[in-house]
Every structure is written in structure tokens, then in C-alpha cells.
Amino acid sequence: MKVPLLDLKAQYAPIREEVRAAIDRVCDSQYFILGPEVAGLEEEVARFCGAKFGVGVSSGTDALLVALMALDVRPGDEVITSAYSFFATAGVVARLGAVPVFVDIEPGTFNLDPGRLRGNLTPRTKAILPVHLFGRCADMDAILDAAGRIPVIEDAAQSIGSRDARGRQAGTMGRMGCFSFFPSKNLGAFGDGGMIVTDDPELAERLKVLRVHGSKPKYHHKEIGGNFRLDALQAAVLRVKLKYLAKWTEGRRANAERYRKLLPSSVTVPADVPGHIYNQFVIRTRERDRLQAFLQQREIGTEVYYPVALPHQECFAALGAKKGDYPAAEAVATDSLALPIYPELSGDQLGAVADAILDFTRG
Ligand SMILES: *Cc1c(COP(=O)(O)O)cnc(C)c1O
């Protein structure tokens with residue numbers, strides 16, 4: 001049975017008319033950049049998360065970049081982040097001339113290990129950038145505790161709606177939280193988009209100025225920003241989809257529960273934590289590459305997120321990371337595999353994935 005890793009057409013079919021009406025609304029208005037649709041989405045996402053302000057931007061990457069700019073991260077500063085994430089998390093730090101300081105992960109959660117934070121703090125540490133990877137919140141209590149007065153920006157690109165052990169939402173625990181609306185995220189646009197949420201009115205205002213080239217008032221620039229604007233078509237689509245996000249998350253969680261029941265003990269499955277929203281369902285197995293090839297033969301889509309730990313990316317070679325410096329991140333780079341988990345996955349499809357893994361295990 002054919003099982004794609006993600007099936008966005010299945011998500012679109014039941015909301016097609018509603019989405020097309022929203023797109024029509026924007027076309028009729030001919031108001032394409034920022035404006036009322038973006039303001040509406042900002043308010044709705046902020047309310048959904050329990051944050052005071054939302055600032056829509058051009059992508060999740062730009063959300064991170066503008067958040068760092070709003071904290072005045074400059075060349076020579078250090079930003080502590082996770083050794084295991086999508087490249088953008090570290091790329092934005094380096095683009096500002098700052099140095100990404102990588103911290104290894106807890107192998108069970110794929111998230112930054114807070115126990116290793118204090119040893120990496122220096123007088124140049126300007127910010128801490130933990131990631132809530134795959135939809136599971138990092139241990140924010142421990143991270144905030146170690147951070148002290150150093151601002152924490154949450155990379156919640158994969159985790160909109162996720163909650164930590166105390167029920168707080170991803171993106172609302174640090175100074176700013178950054179979301180991505182890349183189509184494969186749990187709340188995906190019809191193109192690129194992102195948002196920063198914060199409770200700090202001054203930061204929210206600064207972010208809004210930075211996303212329009214630092215312009216305030218119009219055509220007067222006290223500082224240099226960029227074009228980091230979200231467009232109205234994306235916002236209109238996202239406003240429709242946001243209404244379904246909680247339901248979709250329930251679907252993902254139910255699928256994760258079924259996988260936990262069906263998968264053999266030869267693979268390690270993500271632990272059952274209440275706030276996990278499963279942007280990805282990532283298993284671990286020593287035979288990762290062989291299993292992936294086997295599943296591909298059965299037309300089951302999987303993906304390796306991510307095959308190289310960030311400190312070992314070629315572009316960071318000058319930082320001098322050696323093999324073995326980040327043992328947990330290096331291990332998951334070789335043994336982790338994401339399985340289909342999207343909410344529209346049918347019971348038969350999920351069963352086919354589990355059966356295939358059982359067959360593989362039996363040899
Ligand atoms: C997707 C993602 C980003 C970047 O978001 P884009 O919208 O693709 O720019 C950043 N960090 C993480 C962890 C991501 O998964």
C-alpha cells in the first residue's frame with residue numbers, strides 16, 4: 001500500500017471551498033502585503049498560543065533572524081543553540097556574524113540538554129535558542145533557570161500548539177517564540193510564512209519595524225531591517241487552517257498512540273508525553289538505512305531528519321567541532337527515521353507501515 005510521508009492533498013480536500021473563499025476575499029481586496037488579513041492572523045495565532053502579540057513574517061527562518069536582530073545580536077556575540085535541528089536554527093546566528101555555540105541533545109527527547117548549558121555560558125553569550133524539535137517541547141524550566149537574565153528565543157517552528165510538562169505553550173515561555181508556516185509544518189501555508197510571538201510590547205513594536213526595513217515613520221530609518229513581510233494570501237489561508245489545527249493535532253496524537261501499540265520493540269519510539277504534537281514521529285533503530293530502503297520498496301515514505309548534526313555541517317568547519325564532540329546528536333543522525341504521522345493517514349495505511357516494520361524485523 002502506498003503511504004506518503006505527508007499528504008497535503010488529503011488535508012486540502014475537505015477545506016477546499018473555505019480556503020478558496022478566503023483567497024477570493026484577498027483577490028477582491030487587492031491588498032496583498034501585511035494589512036488586515038495579516039493583522040487578523042497575528043491576533044488569532046497570539047490568542048491560540050496565549051501570547052500577547054504576534055508579528056507575521058516571511059518565513060520561520062526570518063522569524064528567527066528578526067528575533068535575533070531585535071535582541072541586537074551582533075558580530076562576535078555568541079548564541080547557544082541545539083546541536084541537532086534544521087539548519088536555519090544555526091544559519092541565522094551565523095548570518096548576523098555571531099557564533100553558534102552548540103550544545104548536545106538529550107537522546108530521548110532530541111532537544112537541547114539543559115544540563116550542558118551552564119558550561120557554555122560566557123560573557124559574550126547574547127541569547128539562548130532552544131528548539132522544540134519534532135513537536136515536543138524542550139525542558140524550558142531548566143533552560144530558563146540556567147539562562148538567568150540572558151534572553152531565550154524559542155525555535156518553535158515545528159511545535160505550534162505543543163505544551164510543556166506544565167501545560168505552557170511552545171513559543172510563550174521565553175522572550176520570543178518563532179513559528180514557521182512552511183507547508184509541511186503542522187500549520188502550513190501555501191508558500192513561505194512565519195510568526196514571532198511575545199508578551200513584550202516594545203519587542204513586538206521593534207519586530208514590526210525591523211520587518212519593513214527598519215522604517216519608522218515611513219521612509220525614515222533609525223536602523224537597518226529588511227523585507228521580512230508576510231503576505232495577505234498566506235495569512236488568509238492560515239486563518240482558515242488555524243481553526244482545524246487542534247483537531248489535526250488530535251489526529252497526529254492518535255496515530256502516535258497506535259504506532260506505540262503496534263511497533264516492535266526493535267525500534268525505539270517517542271515517549272508518550274501529553275503536550276507532544278508530532279510534527280514528526282521519529283523512531284530510532286541501528287538498522288536505519290536498511291529499514292528506510294525496505295520501506296521505500298513497499299512504497300512507504302520516510303525521511304531522515306537530520307543526517308548531519310549541525311556542528312558537523314561543512315560551513316561550520318571553522319568552528320572546529322570534532323567527531324565525538326556531540327555524541328547524542330551524532331547518534332541520532334545515524335539512527336533516526338521519521339514515519340508518516342499526518343492526521344489524514346488511514347488506519348489501513350498506518351497498519352501497513354507497522355506491518356512492514358514488523359516484517360523487516362523478522363527478516
Ligand atoms: C522549518 C524550520 C525552520 C525554518 O522555517 P522556514 O519557514 O522553512 O524558514 C527553522 N527551524 C526549525 C526547527 C524548522 O523545522
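This is a predicted model: local features need pLDDT of at least 70, side-chain atom pairs count only at pLDDT 80 or more; totals for chains, interfaces and linings use all residues.

Residues are numbered from 1 along each chain as its sequence is written, and side-chain values use heavy atoms, with hydrogens and water left out.

**Ligand site.** I looked up the shell of 16 residues around the ligand, where Gly60, Thr61, Gln158, Ser180 and Lys185 come nearest (near means a heavy atom within 4 Å). By class, the shell holds six nonpolar, eight polar and two charged residues, with Gly counted among the polar ones and Asp, Glu, Lys and Arg as charged. Helix H4 supplies the largest share of this shell, three residues (helices are DSSP runs of H or I, at least four residues).

**Contacts.** I then checked distances to oxygen atoms of the ligand: a side-chain N or O atom of serine 180 lies 2.6 Å from one, a backbone N or O atom of glycine 60 lies 2.8 Å from one, and a polar side-chain atom of lysine 185 lies 3.0 Å from one. The protein covers 93% of the 380 Å² of accessible area that the ligand has on its own (Shrake-Rupley method, 1.4 Å probe).

**Cavities.** I searched the whole structure and found two cavities of 30 Å³ or more (sets of points on a 1 Å grid over the protein atoms alone where a 1.4 Å probe fits but cannot get out). The largest cavity has a volume of about 80 Å³ (the space filled by probe spheres set on the points).

Notes
A polar contact is a pair of N or O atoms within 3.5 Å; within protein, one must be able to donate a hydrogen and the other to accept it, and residues adjacent in sequence count only if both atoms are side-chain atoms. Helices (H or I, at least four residues) and strands (E, at least two) are DSSP runs, numbered from the N terminus. On a 1 Å grid over the protein atoms alone, a cavity is a set of points where a 1.4 Å probe fits but cannot get out, and a pocket is an open set with protein on both sides within 12 Å along at least five of seven lines; lining residues have an atom within 4 Å of a point.
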